[in-house]
Structures are given as structure tokens and as C-alpha cells.
Amino acid sequence: MAGVRLEHVYKKYPGSDKASVTDFNLDIADKEFLVLVGPSGCGKSTTLRMIAGLEEISEGKLYIGDRVVNDVAPKDRDIAMVFQSYALYPHMNVYQNMAFGLKLRKFRKDEIDRRVREAARTLEIEHLLDRKPKALSGGQRQRVALGRAIVREPQVFLMDEPLSNLDAKLRTQMRANISKLMKRLETTCIYVTHDQTEAMTMGDRIVVMKDGFIQQAATPDELYNHPVNLFVAGFIGAPAMNFITGQLSEEGGAVRFKATGINVVIPAGKAQLLRDKGYIGREMIVGIRPEDLHEEPVFIEASPNSVISASIEVSENLGHEMFLYLNGLGKDNVIARVDGRSQLQEGQNIKLAIDMNKIHIFDKDTELNILEA
Amino acid sequence: MQQLMNGSVEIDTMSKTEWVKAGGAKLPESGDQLELDQGYTLVTKVDNHHVQVLRTQAELTLLEKELLSWLAKQGSMSKSGSVSASEMERQARKLGEWLQQSIDAGEWRSEIPERFELHHRLFDGMIPFLLMSEQAENREPSYVELEKVLRSYLSDDMLLIPLREREWLILGTDRLLAEVETNEGDMIERGETKEALVSLATGLHQMITEEWGGDCHVAVGEPIIPTESLVYAVATLRETINLGRKFHVGMHVHMPWLVHLERLLSGIPEPVRSRFMDEMSGRQDLFTDPETVSTLDAFFAMDCNVSETAKRLFIHRNTLLYRLDKLKQEAGLDVRSFNDAILVRLLMLLYKVTKRK
């Protein structure tokens, strides 16, 4: 087993004046499950492909364990890859598919057999070993692809959107299976996805990327509760964080945030920080998670300085929770996540209280989270 | 063999000492034969200390025994004896050079002349694959290494022919198509051939990527009789990869039957192409949005079927309709109408080529 280290790694394609990956620095610990996440074109797959050896590193150093592997061929990096397309070898049965890589590396027959059967048992595909890929379902094929990677007992697993070809139900199931499997195998895993739910549920640590730059590398909890900038705050969480642009002002010893339909008091600790950094009187962006808007009377009574009024434009009841799309707050719709048993109707005017201790405040120009800087 | 001989047949291994004790030659060779108590015994393979033998209790005529002995000799020669790896490479390179010259001269319909040593292996139905490696120069491995890997993946009777730098023609037996089938003996339907070829090529790409030399492009054609149409097949596959790289960046497996439109567009003179793009001025800006591009790609891949496209994109049908309506509003093109769909498809393909200028 081994960790992976990227030191000032760049990827520049010939003819392009902009780097696809810029100054990527990261230390991935041995046995860590690291997720690279970001929108399409952010450089996450390119980074993974550089680690795999499928893309040349334009600048910087890549270590697997203590070895610099910039110039080592993919097959000699002791890695195993599982890609979105997970093509199986169609003319071989499942056993042969899983054994192929080991056979090529001249492993003994009994060792190949031991590894294949053990992996098949782990993935619960023992009964499929004689079948050809054509006779397998999407989920079964995916498990065979995983099996092919597992039998190699590599130092590092690399997975590029391995679940994106599966339907939603199977994806959820496989997500849990992969997490469980990686914990059991205790092998470093680097996993690429554009799906933030996948990232949040699977990763020990998540790297959020945008335009080739690392935006933030942190645990799921840290990313959700302490995003460093507007992008991370908006990318992590579904429904996404609400952003409201407004003005900060000092009135009667309290710092207030004012925007269309909003006039609330910023808690003392946060207010002092804003004063110290000279933000009073400036236009800011306040971020509020949908679950930090409360319609319960108890909460409203207890928070007289953060009550707002809005009308419900659309409500989506998912049973256990309800999403309210609210009008009249800032420029865009604001979404609140409330109890599914709330008897709220579309068109109704309601009062909500913001949990001001959990708000985020972003500099409008730099888009940095002022409270985290 | 058991059916042919009307008796049981088994493969066994004997030490050379045992073979000599039983009356065999001190330096056994494939094709040597003995009548022993256990039955007729024929040497099929020899290594440093052992001989592999075929044994049968069946009653064989002298002619049958001679025929079996001859077959064993031929088998051993074709495996290792007569054609060494370097000789094989030499023959393959010679053929590769001729293929390249024929393509350069525009003689796409040329048949392979009999003077080539490999000529006798090119009469059976074979699947042509073209492999273009994208690895850096210092990583190009030897012919022998690549051939070994491909033999493991395809079969021992595959042929590897180097064409240009980092470009190889791979010929695999068309029996592979039957092996893709779920059950042995199932006949592959004509309509399923292309599907099977795609899966073989995709598997080959995956195998090369993981087990050999990293990133590469693979094109596959329908089975051919190489002596008759190999030049044409190679030229078509090369053109397919070039079109695929140009129009479908990010795809690594290419099929000639999926790039008809691309081939046509590629042949349009630049001024005509530019005029079309100018007339559509402003509309191509839509393709800078990845969501629009992926939505349209999926929509066309699913034959403009809204429900199937929504399923493929894992989005609600109404979300897809909203996106298509947005496109209609912004570009004035409704992809649910046949004529507009054609325009958008052409615009997308041409945009992929022109945006890189």
C-alpha cells in the first residue's frame, strides 16, 4: 500500500495558452479514500489520468509511495483503474476477465485462482464466473470491472465516474458497496465524480476543483460547514446554498444585513469580525443553507432578530421533507427545507427565521468566505 | 479427435528418461511415435526434461499414424520452430511497408501479392483493428511485447503488422465474434455483428490502456478476407480514427459505420463551411455550455426521443423539455423538428472542428 503525492503539478495541452490543471499540490495518505469533485471541465479527470499515466505531466512531480513516477508506464505504476465505460473483454467469461491481468503478469495458476475466487466472493459474483459479459446486467458488469481491479491488489485504486452508467437505484447501492469494499481492502483510492452526493458519502476527504485549480481539500463535514469560497459553498449541498446579495450596516450597536425582504441582525461574534475587516457599509453575499431557514413557531419566537417573510411559489413534498421555493427574498428564489408534515400551501405567505449562527458571508469581489479566512 | 478415432484420447507427460526406456529416441522430437502397452503414443511437445504425448487405445492404420505424426511436426513448427519472433516481425514489417506504399499510391483496391511470406495466413475471415498509440516516444515498446499481449487477448492466430510509428494493424480471427455470444455454439445474427465488433474493440482499447502502453485509439472494421481487401480496410480505419479524433474528442474507439456524416463534412471546402457557420452566426455560442452539448449529444444518440434521452441523462422529462425550449428561445432552433435537428447536428459537428482554430 502507498500514499500519493502531487507536487506543483501542471497540465498544459499543446496549442492551448491556458493550463487544464494548475499548481496541483496534494498529499494523499496511505489507505485514504480521496474524491476529486467538480463540474465538467474542471480538470478532475485530467488529474486522475496523470496519476494513471495516461496523460503526461507538463510540470511538477508525482509520487506513488516514495517513488517519482512521472516517467513510469501505466502498467508499471502498480495501480488499478476502473473507468466510466468499464469495458469488459466480451469474448472471455467473468473468470477469464478477472484473471487476465494476472495471467499476463505470469502469476501462478493457483494464485490467480485464489485471488479471482476471493474477489468474486467479496463482490458476490461467484455464481457468474462462467458467464460471458453479454449475459450480465449493468450492475453485475460493474462488479466484474471492480473485481478485475481488486485481484491485482494494487497500491492505489483509480476510479473515474465508475457509477455514472448505472441507474439511480443501482448507483446508490453500488456507492455503498464500493465504500465498504475500500474500507475492507485498506488501499488508497482516488475517485473522480461530478456528483456531490457521491463525493460527500464516499470520501474520507474531498478535493473540490474548478477551472483546473483546487478550490478546497477537506473532509465532507468541513466542506459543508466551512466552505472557503462561494463556489464550494454552492457546489456542495443539494439543494444548493441560497445566496442573497445585500448591504451590511451598523445600527444601534448591531450589524445588520439588509436585502430585498430581509433585515436581520448579524450575531455579535461574526459582527465583530466584519467590523475588524472593514466590511461595514459594503455590499456582501450572504449564504444560507435551505435547512437553516426554520418555519417552526418555537424557533421564530426565539429568534426575533432574524425573522423574514416570504410567499411560497412552489412546494415539493418528498414525504420526509418539503422544499419551499420562496419569492420576495433577494433577487432569486430562496429554497427552504422544512418538515414534510408541514401543512404549507403554494401561494401562502409565511414567516421564517434564519439560523444566523450558521450563515456564511462572502466578499462580493473575491468571493471568499470572510468568516473562514 | 475421440470421435475421429472412435476411441479415447488423452494427453500425458513423460520424462525423457521414461520415453527412452520405453524405446523412444534419445533426442525426441514432436511427431515421434511408439506402440506401448498403454496404446499408440505420439510426441506432441518437447521441453528440456519432458515430452508431452498424445495417447490412444484406438486401432489406427499406418496411414492414420503417419498423418498424426505429420500433424504433430507441423504444429510444433508453427508454434516455435520455423518462424522465430524476429522472423515473424520481419515478415510483418515487410507487409506493413507494402500496405503503406499502396495507400500512399492511392491503390486502395490492391490485392496482397503472393510473394509475401504471410500471404498464406491471410485467406481466412479476419477482423481488422487499427491501433494508434498516444504514448510518448520513449515509451514505445517492442513488437514482441505487443504481440505477446495481443495473443493473450485475441488468440494465437492473430497477426500484428506495424504500419507507421505508433500505428499497428491487428488481424484477429472472425471466430472471435462467435465467442462473444453467451452460449457456445450460438450463431451470431448479422445485426449483432457490429455490436460484437464494438465490444471487442472497446475491450481491446481497455486492455491496451491498462496492461500495455497507456492511452491509444482503436478502430475496428467488419470482417474481411485480407488477401482481397486489406489495403482498403487499413485506409478506411485510418481515416476513421482521424475523423473520430477531429469530431469526437474524448472518444477512443471508432467505427467506420458511425462517421459517415463526419466524412462528408470533412470533405466540404473550407469557404463553404465558413459560410454556413457565418449564416448561423451567434448560434454556435450555445455549444460553449457543456450542459447544452451533453443534452444535445444524448438527444441525438437516442434518436430524438425525449423520454429515452431524459432516462439516459437521469433527469426528469420536464427538465429536458425545459432545456430544449430554452434552446429554441435562444437560438430559434427547435430540435424536435426534423429540419432544425439536422441543422443543429451539423452545427455541433462543425463547431467541434472550427472552435479549435
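I began with burial: a residue is buried if 20 or more other C-beta atoms lie within 10 Å of its own, exposed if 12 or fewer, and partly exposed in between, with C-beta atoms placed from the backbone. By that rule, 43% of the 373 residues of chain A count as buried. For chain B I noted 28% of 357 residues as buried.

A note on the source: this is a predicted model, where local features need pLDDT of at least 70, side-chain atom pairs count only at pLDDT 80 or more, and totals for chains, interfaces and linings use all residues. Residues are numbered from 1 along each chain as its sequence is written, while chains are lettered from A and ligands numbered from 1 in the order in which they are written.

**Chain inventory**

I looked up the secondary structure, where helices (H or I, at least four residues) and strands (E, at least two) are DSSP runs numbered from the N terminus. Chain A has 10 helices and 20 strands. Chain B has 14 helices and nine strands. The C-alpha trace of chain A spans about 80 × 45 × 35 Å along its principal axes.

Next came contacts (two residues whose C-beta atoms, placed from the backbone, lie within 7 Å). In chain A, among contacts with a separation of 6 or more, 65% are between residues 24 or more positions apart. In chain B, 59% of the contacts between residues at least 6 apart in sequence join residues at least 24 apart.

**A:Ile28 and its strand**

I picked A:Ile28, which is found in strand E2 (residues 21–28) of chain A. A:Ile28 counts as buried because it has 24 C-beta neighbours inside 10 Å. Leaving out residues up to four places away in sequence, A:Ile28 touches A:Gly3, A:Val4, A:Leu34, A:Thr188 and A:Ile190. I also checked A:Ile64: it is 36 residues from A:Ile28 in sequence, and the C-alpha to C-alpha distance is 9.6 Å.

Strand E2 of chain A also holds A:Asp23. A:Asp23 is not a glycine, yet its phi is positive, about 40°. It is partly exposed, with 15 other C-beta atoms within 10 Å.

A:Glu161 is another residue other than glycine with a positive phi, near 45°. A:Glu161 sits in the loop between strand E7 (156–160) and H5 of chain A. With 19 C-beta neighbours inside 10 Å, A:Glu161 counts as partly exposed.

I also logged a cis peptide bond between A:Ala238 and A:Pro239, with omega about -5°. A:Pro239 lies in the loop between helix H8 (230–235) and strand E11 (242–251) of chain A.

**Two helix pairs**

For the angles, axes are lines fitted to C-alpha atoms, for helices over the stretch in contact, and angles run from 0 to 180 degrees between N-to-C directions. Angles under 35 degrees count as roughly parallel, over 145 as roughly antiparallel, 65 to 115 as roughly perpendicular and the rest as oblique. A crossing is left-handed if the near helix is turned anticlockwise from the far one by less than a right angle, and right-handed if clockwise.

In chain A, helix H4 (residues 138–150) packs on helix H5 (residues 168–185) at about 20°, with the axes 11 Å apart. That angle makes H4(A) roughly parallel to H5(A). Their crossing is right-handed. H4(A) contributes A:Gly138, A:Gly139, A:Gln142 and A:Ile150 to the contact, and H5(A) contributes A:Leu170, A:Met174 and A:Leu185. I sorted the residues by class (Ala, Val, Leu, Ile, Met, Phe, Trp, Tyr, Cys and Pro are nonpolar; Asp, Glu, Lys and Arg are charged; the others, Gly among them, are polar). That gives four nonpolar, three polar and no charged residues.

In chain B, the axes of helix H11 (residues 290–301) and helix H12 (residues 306–313) come within 9 Å and cross at roughly 130°. H11(B) and H12(B) are therefore oblique to each other. H11(B) passes H12(B) in a right-handed crossing. B:Thr295, B:Ala298 and B:Phe299 of H11(B) meet B:Thr309, B:Arg312 and B:Leu313 of H12(B). The classes here are three nonpolar, two polar and one charged.

**Where the chains meet**

Last, I turned to the interface: 27 residues of chain B are in contact with 22 residues of chain A. On the chain B side, the elements giving two or more residues are H5, helix H6 (175–180) and helix H7 (190–213). H7(B) supplies the largest share, 13 residues. This side of chain B divides into 11 nonpolar, 10 polar and six charged residues.
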